[in-house]
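I opened this entry to look up the charged side-chain pairs.

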Amino acid sequence: MASSSPAAETWLLENGNIKPLSKEMRHGHGRSHGRTAHNVSSSSLRKKSDLTLVRKVPCAIVRDVLANIQEVILGTKLFVLFIAIPIAIIAHYKNFGRSWVFGLSLLGLTPLAERVSFLTEQIAFFTGPTVGGLLNATCGNATELIIAIFALIEHKVDVVKYSLLGSILSNLLLVLGTSLFCGGIANISKEQKYDRKQADVNSLLLLLGLLCHVLPLMFRYAGVGESAAITAQATLNLSRVSCIVMLLAYFGYLVFQLWTHRQLFDAQAEENEGDDMEDEEAVLSFWSAFAWLVGMTILIALLSEYVVGTIEAASNSWGISVSFISVILLPIVGNAAEHAGAIIFAFKNKLDISLGVALGSATQIAMFVVPLCVIVSWIIGVRMDLDFSLLETGSLALAIIVTAFTLQDGTSHYIKGLVLLLCYIVIGACFFVSNIPQKQPNGVNLGSSSEGIMRV
């Protein structure tokens, strides 16, 4: 792998203006412009824009604006869902049914999540592969993080826990299971293989995250004879320490992925991106991409606020529990574009990309988003711990263990995907039949009512 020379570090500025990397320099840095499996997966839902009519506009400013709209708004196969965004805003201010606001906001989040991936990739053209990789790692699950922060602000800790748990379960069981099943059916005459190295690293991190969830749960049961307040405070302190350890582990993972052992991840990218190399050119300027990214993030924040504020109303209107909506519906709809891309690449027998999306996203949520939410809740004075109770922690543990066993031999066939899907269906049915009421504004007793211990 080529090392970075001092001259290569000066591509950010040329005559005071940010300039994109040359194609040769991008290729010399391994994975092109820091592209991750998430970006490659989302690119399967993009459309190549035809700017023929736009180029005929005489005014340069109008031409640039129209070209930006063409690339950002109409450059995705999901562009029809953008109409849900203004309808959701109108429905909110006109006091339409709150369940309608919830459903429309969820639909609006779907294309926004895909466009954030596109815009971070565009910015990565100008910042280099390492910074691009860090940007992708930060924004990869922006939707889940923003929803979680708004839920914490409204003291809906149960929604935060359920939604983040659901994101991990959907990535490990639904996305990975569907990818392995569909890929196995489409390539039934071939033996599908993938690189185990990345899967092993992600599995280890997920097991570390599981340990950090299991210990607070065991600690609560071990302290049954003590005062509930004392046990709760000790569990909270243990959770906060564990979150700091998890964030350190995730930082080490980024160093491992982007610097010291980058070749493990670049090898997959070079093999799987060969067909798309001719399309790797920036279509937006740096500041245009940055402005669009800020705008998209604001829209995600607005719709996330609507989702958090109307989730109980949707639960009552639709007759399904908040736990099912948070664990099943939020993750599926919020990341539908990325998930669909992973399945499409599985059809093409490119399992490394599918695994990179499913395992990478699950690892990021478990080791970055969850501990970050606990730290944020600590800062704003909301008591959130890592004790997800017995049912939720048990589901997480079984999902991680089943996934680790599924990926242990480096080969795949459709029966592995089918088993993962069936596991997801059983867990989804469990949350569908459960209808646990919210008892506290900043906490919920997710365990058995006979325990007599109030969660904080």
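**Salt bridges**

I started with Lys161, which forms a salt bridge with Asp385; their closest N and O atoms lie 2.9 Å apart. I then checked where the two partners sit. Lys161 belongs to helix H8 (residues 157-186). Asp385 lies in the loop between helix H15 (351-380) and helix H16 (389-406). The pair is 224 residues apart and links distant parts of the chain. I noted that the model is predicted.

Next I asked myself: are Lys161 and Asp385 buried or exposed? Lys161 is buried, and Asp385 is buried too.

I moved on to Lys416. The side chain of Lys416 meets that of Asp409 in a salt bridge, at 2.8 Å from N to O. I looked up accessibility for both partners. Lys416 has a relative accessible area of 14%, so Lys416 counts as buried, because the cut-off for buried is under 20%. Asp409 has 43% relative accessibility and therefore counts as partly exposed.

Then I took Asp195 and Lys197. Their side chains also meet in a salt bridge, at 3.6 Å from N to O. I checked the lysine: Lys197 has a relative accessible area of 46%, which means partly exposed.

Which residues are linked in a network of salt bridges? I found Glu154, Lys156 and Glu312.

Last, I wrote down the total. How many salt bridges does the structure hold? The structure holds seven, among them the Lys161 bridge I began with.

Technical notes
Residues are numbered from 1 along each chain as its sequence is written. This is a predicted model: local features need pLDDT of at least 70, side-chain atom pairs count only at pLDDT 80 or more; totals for chains, interfaces and linings use all residues. Side-chain values use heavy atoms; hydrogens and water are left out. A salt bridge is a side-chain nitrogen of Lys or Arg within 4 Å of a carboxyl oxygen of Asp or Glu. Helices (H or I, at least four residues) and strands (E, at least two) are DSSP runs, numbered from the N terminus. Buried means under 20% relative accessible area, exposed over 50%, partly exposed in between (1.4 Å probe, protein chains only).
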